[in-house]
Number of protein chains: 2
Amino acid sequence: MKPINVGLIGIGTVGGGTWTVLNRNAEEITRRAGRPIRITAVADRDVELTKKITAGAARVTDDPFALVNDPEIDIIVELIGGYTVAKDVVMQSIANGKHVVTANKALLALHGTEIFTAAQEKGVMVAFEAAVAGGIPIIKALREGLTANRIEWAAGIINGTTNFILSEMRDKGLSFDDVLKEAQRLGYAEADPTFDIEGVDAAHKATLISAIAFGIPVQFDKAYIEGITKLEASDIKYAEQLGYRIKLLGIAKRRSNGVELRVHPTLIPAKRLLANVEGAMNAVMVKGDAVGTTLYYGKGAGAEPTASSVIADLVDVTRLATADAAHRVPHLAFQPDAMSTLPILPMSEVETGNYLRLRVEDRPGVLADVTRILADQGISIDAMLQREPAEGEGEADIIILTHVCKESCADTAIARIEALPAQKGKVKRIRLEELQ
Amino acid sequence: MKPINVGLIGIGTVGGGTWTVLNRNAEEITRRAGRPIRITAVADRDVELTKKITAGAARVTDDPFALVNDPEIDIIVELIGGYTVAKDVVMQSIANGKHVVTANKALLALHGTEIFTAAQEKGVMVAFEAAVAGGIPIIKALREGLTANRIEWAAGIINGTTNFILSEMRDKGLSFDDVLKEAQRLGYAEADPTFDIEGVDAAHKATLISAIAFGIPVQFDKAYIEGITKLEASDIKYAEQLGYRIKLLGIAKRRSNGVELRVHPTLIPAKRLLANVEGAMNAVMVKGDAVGTTLYYGKGAGAEPTASSVIADLVDVTRLATADAAHRVPHLAFQPDAMSTLPILPMSEVETGNYLRLRVEDRPGVLADVTRILADQGISIDAMLQREPAEGEGEADIIILTHVCKESCADTAIARIEALPAQKGKVKRIRLEELQ
């Protein structure tokens, strides 16, 4: 059968991996897809390097729109990232009737509604498996593998940089700053790591997960985002003593009156598989009402793992390129005329367990005050750990794990505890999920 | 849009779960599939019970062929199991131009080639996500999620009964027989547990995995099958001391000259996620050349988890029911005219590490004899553990972990060790996989 022609825009890490894998496994991929998938043109700013990589096997240009506007190209693979040129590339490709494969979580989390609406109207596909959790086929699992289910929640380690940092902090008892430097040296963290360590990258991905899990529009602006920069080695140690590990989770949870969409450091039971996902690996847990709990694990980044998802999308798109739109999986899992209007809940409405670290003067009555404040807010205590003050110190660390309560109640309780004369400074709060 | 009509054959555990979930989540499933999926008729031997379950919402009969031959029915869901009536039902449904969804691993592992060939010729789909690992969308991951990859191997805990038994043996230090009785009492093992504990069920599933991973025909008759009935609590304990756990794995591995297809108890490193899959849960690891190692975890059996996969297949089939065959995913992942001729290797050609438990008289020179025999076969030793004889006993347990070697070399070495006068009885051998 006639090959399908792909225009690759951006041949950096993921683009290079896509070029390599598509060529190395060409025969096997063709045997699956039913027709050859050929990158016939590549656009990249670095024309010389691109020519070296492609070695004459594809047309090379520095102008992405030369590909976008080329009638011979069937599918555009957008791997340049960002919101500016990438958005123009994607929108113009759709307008030209081309299918799009992209790994651009930021673009889709912010402009997904506009992009998917345009694609729907034009009858083309925009595929984005590579945008979430690298090589793990989590989009496919959620959109297709679990269609029988009312999804209750999804919670994932979806940023490898932060998971590497947290794993190292726990393993070696080091501070965040020290581990970050090490991660940058090893290439696990970028020179400017803000998007990763502040949770923004994870929030982009959690936004996409929330959309396909519940059939709601992408609403990145409503996500609650808290990174790992304020985590202390002592919190990781205390959590461990209580049987928990701290992971940066992206969480999308269905509640009766809306959807929780949040990224924050989270205590999870050490015995859960998810707690044992170490280093730069990714994993997503999904709870469906029929299937129960499932988990998907693999490499969340890197040239070839991410290329694996880009190419899986290329095979899917190739199969359905000429099919009627009704034969295709809807972009956000639900038919566009059957999306949900469930709102994203404000953080004050969110419900979680809590880890509270207090530093209090070691004198009678303090614990009675604290437990009274919690009880006043209807917050019940699940576990408590007290570190006796060292010789000469007059202050003790008290760690309290609470059962699930509303965020606003926890906020009020924390403010009242901080107002106690015995409490020194801020209460450290980390949210807790049992993931059952 | 007009509903698609489903005929459900067999409303036992999985059939009942399918009925329940499809009704409970009807609205959500319709919003995904784009049209309602309705079970309009049910065939089951127990007509009275079936009428009670369906409560007038579907036609009820005891004759499966009344559904198979009903021109109003678009899709047949076969959930009666076995090879006899089930095979006739599936083949006749195909002949009548109906799509089929089935959870019948035994039928497909034995007669898959005949069934898929007939389906291909007739232009209908035979979907079988529920046949492997219950609710885990592993067929979808392998057939669609990892299409970019040359799959190197897949290894899974794909039988919940045996994993429950092994978990209990390890946790409580009990014997196989005692735990089996407990498992039967709790409903984790059937009254006749042969298919589970002898590894036959896992081999059916491993056969299907091998076919879609490598694009080879289903060849259940060539699978090596060894169950868990001869495992002793002491082996589980020794393995633990060496940093390993014993799991019944179904393994499909690509080698340059063929495919390994085997089910047997296997030592795996305790730190692997797969080693920490406990109780009746299932998980499958897949290694692809691009994506690296991925893992898929969830419930491998039960009414609603398995129904989750049956219904996911129904949604897929509904979407593509009227599509051209070229738009569909090939049954065995590769186009039928592009299947691989890679043979299944005989067990003598298989390569694994080994756990060898010797019971030897405690006298000088024994270890020298044993290590000489291993060296003669080119087998190198990775670790050794010696349990000193108890007071009054003259025999010691020696545990040897070997590096990877050919099965035939291990067989020869074991025979020669057993011929040593110092060795008492048989050498206990359990294969070992690092899963890296």
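Colleague: Over how many bridges do strand E1 (residues 4-9) of chain B and E4(B) pair?

Modeller: This is a predicted model: local features need pLDDT of at least 70, side-chain atom pairs count only at pLDDT 80 or more, and totals for chains, interfaces and linings use all residues. Residues are numbered from 1 along each chain as its sequence is written, while chains are lettered from A and ligands numbered from 1 in the order in which they are written. Strands are DSSP runs of E with at least two residues, helices are runs of H or I with at least four, and both are numbered from the N terminus; two strands pair if DSSP finds at least two bridges between them. E1(B) and E4(B) run parallel, and their bridges number four.

Colleague: On strand E4 (residues 75-78) of chain B, which residues cover the side away from Ile75(B) and Val77(B)?

Modeller: A residue is buried if 20 or more other C-beta atoms lie within 10 Å of its own, exposed if 12 or fewer, and partly exposed in between, with C-beta atoms placed from the backbone. Both faces of E4(B) are covered. Ile75(B) and Val77(B) are buried on one side; buried on the other are Ile76(B) and Glu78(B).

Colleague: Which residue of E5(B) stands opposite Glu78(B)?

Modeller: E4(B) also pairs with E5(B), in the parallel sense and over four bridges. Facing Glu78(B) across this pairing is Thr102(B).

Colleague: Which are the edge strands of the open sheet of six strands in chain B?

Modeller: The sheet has parallel pairing and the order E3-E2-E1-E4-E5-E6. An edge strand here pairs on one side only. That describes strand E3 (59-61) and strand E6 (126-127) of chain B.

Colleague: Why is strand E10 (residues 258-269) of chain B said to be largely enclosed, and how many of its twelve residues are buried?

Modeller: E10(B) is largely enclosed by the rest of the structure because most of its residues are buried. Out of twelve, the buried ones number ten.

Colleague: Through how many residues does a hairpin join E9(B) to E10(B)?

Modeller: Strand E9 (residues 244-255) of chain B runs antiparallel to E10(B), with twelve bridges between them. Arg255(B) stands opposite Gly258(B). The hairpin passes through a link whose residues number two.

Colleague: What is the bridge partner of Leu267(B) in E16(B)?

Modeller: E10(B) has parallel partners as well. Two bridges join strand E8 (residues 224-225) of chain B to E10(B), and Tyr224(B) stands opposite Arg262(B) there. Two bridges also join E10(B) to strand E16 (residues 428-432) of chain B, again in parallel. In E16(B), the partner of Leu267(B) is Leu432(B).

Colleague: Which element supplies the largest share of the side of chain A that touches chain B?

Modeller: Two residues are in contact if their C-beta atoms, placed from the backbone, lie within 7 Å. By that rule, 50 residues of chain A are in contact with 50 residues of chain B. Helix H2 (26-33), helix H7 (138-145), strand E12 (292-299) and helix H13 (303-320) of chain A each supply at least two residues of the chain A side. The largest share, ten residues, comes from H13(A).

Colleague: Which residue of E12(B) is the bridge partner of Tyr297(A)?

Modeller: Strands also pair across the two chains. E12(A) and strand E12 (residues 292-299) of chain B run antiparallel, joined by three bridges. The partner of Tyr297(A) is Leu295(B).

Colleague: Is Lys205(A) buried or exposed?

Modeller: The UniProt annotation "active site", from an unreviewed entry, covers Lys205(A); such annotations may be inferred rather than shown by experiment, and UniProt positions are given in the numbering used here, with feature names shortened. Lys205(A) sits in helix H11 (residues 200-214) of chain A. Leaving out residues up to four places away in sequence, Lys205(A) touches several others, including Lys105(A) and Gly250(A). It has 25 C-beta neighbours inside 10 Å, so Lys205(A) counts as buried.
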